[in-house]
Amino acid sequence: MELHTDLEVRQAVAPCLRIVSSSRDSAEVTEALRTIIHYLEGGNASASEKAEFNRANYTRVLQVLVSSLSSDWFHSLPAQERRELWDGFFLRGPPDQALLVLLDTISSTSDGSGLDWTVSVLESFLSAGRVGMLLWSRCLETNGRPDSVQLRETILTRLSSLPDLTANRLRTNTPARLLPQQYYTDLARDVLNTLENTCRALRAGQDCSLGFVAQLLGKVCMQGHGGEITCVTLAPRLSSLTRSDALWRRVSCKLLENVPDRWVESVITALIHHLHGASALSRVMGNLVLKNKKVQFVLTHKVLLLQYQHPTQLLRTVLGYLALDHDRRPLLKQVLRSVCQVWSNSSAVRHTSLDQQLYVSKALLLCVNLLNQTEIQELREELLQCMLGGVQCRLDSSTEHVRRMGMVVGECLSQKLDTPTSQLQFQNYGGCLLPVLSSYFPSDRPQPESSGQSAEGQSMMSQPPAASQTSAKPAGHSSDSELDSDDELTPYDMSADQVKQKATPPRYVRDCLEALMSSDDPERVELSLQTAEELLRKNVSTAREVSVQFSKVLLHLEDRYSTAGFHTLRQSAMVALAVIHTQPVVEYLTTEFYSLNYSLRQRLDILEVLALAAQELSEPITEKKAVSQPVARAVTLEQCGEVEHWRQVVEKRIQSKTRRISKGASQPPKAAPNRYAPVAAYFFFPLLRNYDRPQVTFDLLGSDHLVLGQLVHTLGLLMHLAVNAPVATQMGKALLDFVWAIRFHADQMVRRGVLFAVCAVFLSMPGENLLLELSDDLVETRAWLADVAESDPDADCRSLAVQSLVLLEKNLKTHLQSPSMET
Amino acid sequence: MVMARPPPDPLFTLRGSAAPVNTLQFHCSTAGRPLLYSGSEKGCVHVWNLNNRRAERVLEGHDGASVIWVSTVDSTDAFLSQGRDMRVCVWDLHEGRSAVTHSLRTGSVGFCQCSLLEAETNKTLLALPAEHTEEIKVMELASQTPVRSLIPDSKQGMLMCMKMFQAESGPLLCAGYEDGSVVLWDVSHGRPLSCLKAHPEPVMCLDFDTDRQKGISGSSDKTLTSWIIDSQQNLQMQNSVLLTNPGVSQLCIRADGKIVAAAGWDGNVRVFGWKRLKPLAVLQHHKDLVHSVAFSNHPEASQRLMAAGSKDQRISVWSIYSES
């Protein structure tokens, strides 16, 4: 029977094909085509005949039709008939074969009406939902025809990259339907329809196979942007369909299970990005995470610990998904253990970027929050270890954000772990990071960690009780006449009503010194401190007589009365001293920097004062000294960095937009000798003298890396300010030698300082001397800088390294060019 | 917006008390001879004639001990002065006399000033601080018979200031204590009616306006607080105002109830609208603490002056908000 049909169909089709391919008589061709059309869907041939035709002859027929694209009869056909006779063959046969022939034709035909026609047929192929048919036909083949792997693979490739294939050929003429956005959206819809059909079929007791659809999904997601578009459509629909229907849940899990391992990661990632909420993910994925090792790795490790670019919503979804089902909770514990390990790893703290640390911290807090009380008790030991270790190594860090992160996470953990009485609490930390981080940790007690709130609360509390009673007027006592009567008395000017000070500020430098040294009257000390800078700058000669003594007193001055702006005032007075009587004061300060029994704070103060004084000396003397803003400049790099930055940007923008009318007439700046150049050596070299001699209280190369970072930074600044000074060459040499030894320091502040110093040397040292000095290490230096620019965990280090590289290249270029120009 | 007027200067200053001025009292009811009494730290009471602005007489009756309070008694034309020698002297100043008719022993070592109440029932009551630092003694002035002794039950510390006034039900007395509370006493029954914690610091001074049933108290901190006595005779906090510098040594409400003046420790006299404690003026003249302010009781409204006595030994006399 089978054989019989086979022969019959072939005998019927073959002559027709011959006619189509060779005849010039269009009527004859039309007749032949009409004969073949019977075998297509909707024709009147028997089912077995159709099947045989589809199996053996369909592709051949299509190929013949395609080859006749340029024939006369094709062109002489009226549009209506052409659509029926020609297009119909593509739209009514097995969609996979039609698709392959169409795509082949498009990629092999050259521009012309034939191509246009084929493209339009492809469009109608898509709009007629033939792709859906294709998918559905594949679903039904549960065991039937053993498809050749190759064919299957080809169809998958064509389907998943159809927009690319057509765009390669058509370039800008690609119709909208074939562009990725439209195509993949349609594809997603087709997938959904197929799934719906599957559900229907399953209800009817029919078997279906989701293998092909799953592979298609995997392949599309694997290829990038297509997956995004598909999942945007797919995910919300799946989420809503699975909500009410258990069968849909099964189908959706089955679909994901069928995605081949090599593609499953991209499918899962795309899906979790577009599924909102843990329960949606749980419905769509079921317990896939337990069945598939790859998925487990992605969800419990890769997304949490290796990547950190995902939004927090995703973290919430993934962790929530793990927590939702009883079977999955062991995984949550496992995740917590590994997150704990990473969080408390001191090497990770040092070598990963701030963003990643923040991400891991979020994961940790979210994770802990999902645990119930018994699980916490079970994991208590590990959490405690993690908390102690992690907090400690973060508190050691020199980056403020890291320290604060440690404190917030520590407090949150302790809140979960400990009894209310014995919780970890840090006194002060403020800043922008906190509310963000601690908001992941809903707390049941009044939150001390959300700094904004508590600050507000405190200010409310600290108001005198009387003030809050102002509004508490008893009702019924304020008649209208009373309201008016106050207003008829016009108040006098009360601007002279100022806070009265008991003591008067000192008028002489020596009085001021005396008060700072020995007075126990807070007001007097405060006033002396406030006037110190002004007094010193006014009475230069007296200031010179007592400069070193005054510096000593200021250096040892403690903020006993919590004076407002104490550090700024003290610092500006010390800077004034260093500027007025540079050599002795600077000598004193640099010696003290390495001597015994100073606190870190004092040593940092010394460095800051030296930097500011050098800066002031290097600037030309202007009549009106600019408002003393530089205090902030060198003080706290990490805190003020951002503020300073935007201010500079705005300043620059204003400068560029301002038209200065008087510019042409303004007198040229008067030349003045640089006051810093002759004394630069006094600032610089003593600081380099003793760095490698550890003392009982001060170990620069050991634990006191905070000071080391600041020292290197200051040296860089001193170097930078010494540009054009004769001594710059020696300074540069010494500085390079110094930083070369510590360039791989573990602390990022130190590395940042080193790179800053290198930049400063490259900027300030005369080019030829620089290359002479570097000649031996040039290659190594470049390799080091390139390495840092590429792989340092700290963003500032990377950008500084890039800057240094650029400077070095520029130096090299000018140096290499100038001799050639001379010759 | 019009610029606010500059604050006025004093009309004149009275120099010559040769010691810090502790207390002031106008006496202008006698036509044609407005007087100002001032008590000084050296124990003298100066009687200033406001027409020729000179000291008419100097009364010395406290053996050099600081005079902390003076008052005229309208009904008997007598004059009272309280010194830190623990005595209140009753003077007869008629027809040029200046003799102490008798003196009352208070036994108080504190700084609390006495308070005099001349009720219409022809019975003049005087409230004095007593030997126990928290006790108030009320006596009838004419017969010198003690009427009541008012001792608070709870620990409120030393008595700091007081003001006695006549209410419908009988004489009442407001007293300020060291712990910052103000207590309202019913003098006839000798029991406290209400207590209000008006300040966190000791109450330094208070004054009461009987027309509005409203009082004001000052402390050693920066707030002035006003309070009222409601129909149940409870003290209720009403309003408060913040000063620039802490410390007020005396408060005085003008008889017309329009303004209240505060003698500040910073040497300024501050004037507020009495209704809502709206700040009206800051009078800067004295170089040291102002100890006392007083308003004159002159029958003509335009002649009602204000005087401020300071530690810098001067008395400044001002005319402020007296136009209308």
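Helices, as I use the term here, are DSSP runs of H or I with at least four residues, numbered from the N terminus. The model I consulted is a predicted one.

**Entry 1: Asn597(A)**

I looked up where Asn597(A) sits and found it in the loop of chain A between helix H33 (582-593) and helix H34 (600-618). I noted that its phi is positive, about 60°, although Asn597(A) is not a glycine. I then checked its accessibility: the relative accessible area of Asn597(A) is 61%. Because exposed means over 50%, I recorded Asn597(A) as exposed.

**Entry 2: Gln213(B)**

I turned to chain B, where Gln213(B) lies in the loop between strand E18 (203-209) and strand E19 (214-219). Its phi is near 55°, a positive value in a residue other than glycine.

**Entry 3: H23(A) and H24(A)**

I examined helix H23 (residues 373-395) and helix H24 (residues 400-417) of chain A, whose axes come within 9 Å and cross at roughly 160°. Since angles over 145 degrees count as roughly antiparallel, I described H23(A) as roughly antiparallel to H24(A). I recorded the crossing of H23(A) and H24(A) as left-handed.

I next listed the residues that make this contact. From H23(A) they include Ile376(A), Leu383(A), Leu384(A), Met387(A) and Val391(A), with Arg380(A) and Arg394(A) also among them. From H24(A) they include Val402(A), Met405(A), Gly406(A), Gly410(A), Leu413(A) and Lys416(A). By class, I noted 11 nonpolar, 4 polar and 4 charged residues in the contact of H23(A) with H24(A).

How values were computed:
Residues are numbered from 1 along each chain as its sequence is written. Chains are lettered from A and ligands numbered from 1 in the order in which they are written. This is a predicted model: local features need pLDDT of at least 70, side-chain atom pairs count only at pLDDT 80 or more; totals for chains, interfaces and linings use all residues. Side-chain values use heavy atoms; hydrogens and water are left out. Helices (H or I, at least four residues) and strands (E, at least two) are DSSP runs, numbered from the N terminus. Buried means under 20% relative accessible area, exposed over 50%, partly exposed in between (1.4 Å probe, protein chains only). Axes are lines fitted to C-alpha atoms, for helices over the stretch in contact, and angles run from 0 to 180 degrees between N-to-C directions. Angles under 35 degrees count as roughly parallel, over 145 as roughly antiparallel, 65 to 115 as roughly perpendicular and the rest as oblique. A crossing is left-handed if the near helix is turned anticlockwise from the far one by less than a right angle, and right-handed if clockwise. Contact means heavy atoms within 4.5 Å. Ala, Val, Leu, Ile, Met, Phe, Trp, Tyr, Cys and Pro count as nonpolar, Asp, Glu, Lys and Arg as charged, and the others, Gly among them, as polar.
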